[in-house]
Amino acid sequence: MPVSLHYIVIDAHDLPALARFWAEVLRWRILSEREREVVIGPDETAPVGICFMPVTDRKVVKNRLHLDLTWSWTMLSDPEENEFCVVRPKETLIG
């Protein structure tokens, strides 16, 4: 059976606040909000969503993974200092 991507998981101190931030940026909705997990996505049937999970340790180094959003290229960070890039829209994943 092939494997497919289900969630991108982001560690967070304040799950609801970070989920709201990303839901607003992506124009997605909060689909599920529990004490130890908040899930956002365009809708419940979307192929991929973002899941926020609690952590107690501080972020001390640059992310090893970040999200690239379409726009003109800029590097930003969310309220918990997770980096992400805003890049020009592309026609394909390799273009």
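Two strands are taken as paired if DSSP finds at least two bridges between them. The legends below describe close-up views of a predicted model.

View 1. In strand E7, Val-86 is the bridge partner of Leu-69. Strand E5 and strand E7 (residues 83-87) run parallel and are joined by 4 bridges. Helix H1 (residues 15-26) packs on this sheet, where it touches E5 and E7. The direction of H1 makes about 35 degrees with that of E5.

**View 2. The open sheet of 3 strands.** The strand order is E5-E7-E6, and the pairing is mixed. Strand E5 (67-70) and strand E6 (74-77) each have a single partner strand, so one side of each lacks a neighbour in the sheet. On average, neighbouring strands here are turned by 30 degrees against each other, direction ignored. Strands of a sheet pair through backbone hydrogen bonds, in either the parallel or the antiparallel sense.

**View 3. The hairpin of E6 and E7.** The pairing of E6 with E7 is antiparallel and extends over 4 bridges. Ser-77 stands opposite Glu-83 of E7. The hairpin has 5 residues between the strands, and Glu-81 takes a positive phi near 70 degrees.

**View 4. The open sheet of 4 strands.** This sheet has the order E1-E4-E3-E2, again with mixed pairing. Its edge strands are E1 (7-12) and E2 (29-34), each of which pairs on one side only. From one strand to the next, the twist averages 20 degrees.

**View 5. The antiparallel pairing of E3 and E4.** Strand E3 (residues 37-41) and strand E4 (residues 49-54) are paired in the antiparallel sense over 3 bridges. Within E4, Cys-51 is the bridge partner of Val-39. In a regular strand, side chains alternate between the two faces of the sheet.

**View 6. Two cysteines, Cys-51 and Cys-85.** Are these residues buried or exposed? Cys-51 has a relative accessibility of 2% and therefore counts as buried, the cut-off for this class being under 20%. Cys-85, at 6% relative accessibility, also counts as buried. A disulfide is a covalent bond between the sulfur atoms of two cysteines. How many disulfides does a search of the whole structure find? The search finds 0 disulfides.

Conventions: Residues numbered from 1 in each chain as written. Predicted model: local features only at pLDDT ≥ 70, side-chain atom pairs only at ≥ 80, totals over all residues. Heavy atoms only, no water. Helix = DSSP H or I, 4+ residues; strand = E, 2+ residues; numbered from the N terminus. Axes fitted to C-alpha atoms, helices over the stretch in contact; angles between N-to-C directions. Contact = heavy atoms within 4.5 Å. Disulfide = S-S within 2.5 Å. Buried < 20%, exposed > 50% of the residue type's maximum accessible area, 1.4 Å probe, protein only.
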